[in-house]
Amino acid sequence: MKNRLHNCIRRTILFSLISLLCFTKTFSQSLIFGNEKFRVETGINFGPSFFLGDLGGNVGKGTRFVKDLNFKFTKLMKGAFITVYPNEWIGFRLNADYTFLEGSDAIISTKGVDELWRKQRNLDFQSDVWELQAGIEFFPTMLFRKYDDYQPRLRPYGFIGGGIFHFNPKGSLTDANGNKTWYALQPLHTEGEGFAEYPNAKEYKLTQFNIPVGVGLKFYVSDRVNVSTEFLYRKSFTDYIDDLSGFTVDPIYFSKYLSASDAVLATKLSDKTIGIVTPGVTRIAPGVTRGNPKQDDAYFSLILKFGVRLGAIYESTFARKAARQTRCPHIF
């Protein structure tokens, strides 16, 4: 499943990038994609991504959304898209993106007791994330316009859809020389996922569904080229993007279910407690809360998009000039 998802995303990005190169006048005229009402656009997008999960955070008790953002772990998202517009107020978009997510308890500020408990937990993670999404763009100002020739350059829009994404959380161990090595966490069952002794800890899959929701602002530089800014939030259905959700496992069970080498790694990576609040403590007692199982992980991006309309826009140069000369002026 992982290889198929990666291949599908790579092909979508490649197709969109090739389509974007079809920007020259001669070649674009030979592409017969729609007409003035039915349009096809393709382009690229990139921007910062932010993780919202159990790891890291800021001063005080852990909470939801922007309050606990760690800007130090801002990562770049990049991808490509293709959108079909049957009319001016709605579009159907397919996009493929790649980003990288990361979180760590070590960077939490030490200004109070609440956040010190999380800092004492001392866990971290990082993960590549590949995603493929399909959804609907909705332009409200174009739906409720009074005149058919009303063609503003600046258009707000909303987006909602469905997606599939692949992740693979890794945790780190640092040796005596300060060298850090990252290990895949899902095969280590760090919270006893799938162990008979922990029936509530279910094994999680690395490929999952999500719901992308966003709002944006699109500006038409010309009849062919446009630029957009977009806020895109992904609602996931897993709390294990950072491999952290439930409770601490008794390490004796790692030896029961895992190989000897994996059991050693699982013991070290599942609990890296350092004695901040409780001096001298090196491990948390089994069954103590390790994360927040009531809140699934999420991530969001602030995106800059560059789009190009494919195909002929006007049937002739005369028609283009005539349209521009007769168009009513607009501020937006």
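On a 1 Å grid over the protein atoms alone, a cavity is a set of points where a 1.4 Å probe fits but cannot get out, and its lining residues have an atom within 4 Å of a point; grid points are joined across faces, edges and corners, and a volume is the space filled by probe spheres set on the points. This is a predicted model, in which local features need pLDDT of at least 70 and side-chain atom pairs count only at pLDDT 80 or more, while totals for chains, interfaces and linings use all residues. Residues are numbered from 1 along each chain as its sequence is written, and side-chain values use heavy atoms, with hydrogens and water left out.

The structure holds three cavities of 30 Å³ or more. The largest cavity contains about 80 Å³ of space, and of its 13 lining residues the closest to the centre are Leu123, Asp124, Leu185, Leu269 and Arg290. The second largest cavity, with a volume of about 50 Å³, has a lining that includes Phe81, Tyr85, Tyr157 and Lys305.

Tyr157 also takes part in one of the 15 aromatic pairs found in the whole structure, where rings of Phe, Tyr and Trp (its six-membered ring) pair if their centres lie within 6.5 Å, and planes under 30 degrees apart count as stacked, over 60 as edge-to-face and the rest as tilted. The centres of Phe139 and Tyr157 are 5.3 Å apart with the planes at 40°, so this pair is tilted. Phe139 is buried (under 20% relative accessible area) at 2%, and Tyr157 is likewise buried, at 5%.

How values were computed
1 Å grid on protein atoms, 1.4 Å probe; cavity = no way out; pocket = protein on both sides within 12 Å on 5 of 7 lines; lining within 4 Å. Buried < 20%, exposed > 50% of the residue type's maximum accessible area, 1.4 Å probe, protein only.
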